[in-house]
Amino acid sequence: MEFELVTEGLEFPEGPIAMDDGSVILTEIKGQRLTRVKPDGTKELVVDTGGGPNGAAVGPDNAIYITNNGGAFEWLDTGGLTIPGPTPPSHTGGYIQRFDLKTHALTTVYDACDGRRLIGPNDIVFDKAGGMWFSDHGCSTPEGRKFGAVYYAKTDGSHISRQRDHLISPNGIGLSPDETTVYLADTQLARLWAFDVAGVGVLAPPAGFAPGRIVANLPDFCFLDSLAVEAGGKVCVATIINGGITAFDPSGTTEHFAVPDLVVTNIVFGGADMRTAWITASATGKLYKCRWPRPGLKLNFNA
């Protein structure tokens, strides 16, 4: 597969959104901002978010919703590569932000659920009903980790629910084409989970002791990051250490597409035939574009 370099000099890019005008709006986690990358590779500031803007998606009101981890990483320079490190002592939790593309107003929609502070919101996807599924990655501590969770929330701030709790390191989240399954990539387990949807914003109770169904575990030492779903149902997950995109079939088979970066964090599909893929190569601060072998799933809301 051939990768075209769209731009570089980004400060740990993530959360790409394929916009209708051909540009890509993405998060820069280390840079604490949203940035628009135009088709010619030029960059412009969209908004300074503070914290650690991680995932982003367009909601039903054409605003951009941001899963902000609240500054959950210290940043390490390892041989010229930018690598996320431990959680700094200053970290107090994360939040969900809303950015209005027309008024440029940035507001916080949620920072807690049932009286418990969100730890490190990570990735986000909207269902057809206009609600958001999002993952909370948790964070590191000197003794180990604070566990993460899966949430569902309405955009108007009226409802948020914790649908799965005590997960190791929830990261990428997406919906099957028929929206009967929520997919979740666990970073440290290198595992793709599948959760059955019982109704709007509600996951079915798990069977047995596992929180969900295991689609597949990658066999070698690597980490999983964020994801996008293909129109045919495969789940394309960004991978770290074995930098690239791994496509998981719901049957459990996988195929890997190597990308020239140690820390590949996300992929988004766009273009007229949904076969243009933009990939965030975060350790080197680059955004790549390529022709994907299959069309991606068109998201419910775009701008």
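Which residue takes a positive phi in the hairpin of β25 and β26? Gly233 does, with a phi near 105°. This is a predicted model.

- In β26, Val235, Val237 and Thr239 point one way. Cys236, Ala238 and Ile240 point the other way. All of these residues are buried.
- Strand β25 (residues 223-229) is joined to β26 by 5 bridges. The two strands run antiparallel.
- Val229 stands opposite Val235 in β26.
- The hairpin of β25 and β26 has 5 residues between the strands.

**Strand β27 and its partner β26**

- Strand β27 (residues 244-248) is joined to β26 by 5 bridges, and the two run antiparallel.
- Two facing pairs can be picked out. Thr239 has Gly244 in β27 as its bridge partner. Val235 stands opposite Phe248 in β27.
- The hairpin of β26 and β27 has 3 residues between the strands. Ile241 sits in this turn and has a positive phi of about 80°.
- 5 of the 5 residues of β27 are buried, so this strand is largely enclosed by the rest of the structure.
- Gly244, Thr246 and Phe248 point one way from β27. Ile245 and Ala247 point the other way. All of them are buried.

**On to β28**

- β27 also pairs with β28, in the antiparallel sense, over 5 bridges.
- Thr246 has His256 in β28 as its bridge partner.
- The hairpin of β27 and β28 has 5 residues between the strands. Here Gly252 takes a positive phi near 110°.

**An open sheet**

- 4 strands form an open sheet, in the order β1-β31-β30-β29, with antiparallel pairing.
- β1 (4-7) and β29 stand at the edges. Each has a single partner strand, so one side of each is left without a neighbour in the sheet.
- From one strand to the next, the twist averages 30°.
- β29 is joined to β30 (residues 276-281) by 6 bridges, and these strands run antiparallel.
- Phe269 stands opposite Ala277 in β30.

**Cysteines**

- A disulfide needs the two sulfur atoms within 2.5 Å.
- Cys290 is in no disulfide either, as its nearest cysteine sulfur is that of Cys236, 9.8 Å away.
- The disulfide count comes to 0.
- Cys236 is buried, with a relative accessible area of 0%.
- Cys290 also counts as buried, at 5% relative accessibility.

**A nonpolar surface patch**

- Phe221, Ile241 and Leu262 make a nonpolar surface patch of about 290 Å².
- Leu262 lies in the loop between β28 (254-258) and β29 (264-270).
- Is Leu262 buried or partly exposed? Leu262 counts as partly exposed, because its relative accessibility is 35%.

Terms used. Residues numbered from 1 in each chain as written. Predicted model: local features only at pLDDT ≥ 70, side-chain atom pairs only at ≥ 80, totals over all residues. Heavy atoms only, no water. Patch = residues over 30% accessible without salt bridge, like charges linked within 9 Å, V, L, I, M, F, W, Y side chains within 5 Å. Areas by Shrake-Rupley, 256 points an atom, 1.4 Å probe, with all protein chains shown as cover. Salt bridge = Lys/Arg side-chain N within 4 Å of Asp/Glu carboxyl O. Buried < 20%, exposed > 50% of the residue type's maximum accessible area, 1.4 Å probe, protein only. Pairing = 2+ DSSP bridges. Axes fitted to C-alpha atoms, helices over the stretch in contact; angles between N-to-C directions.
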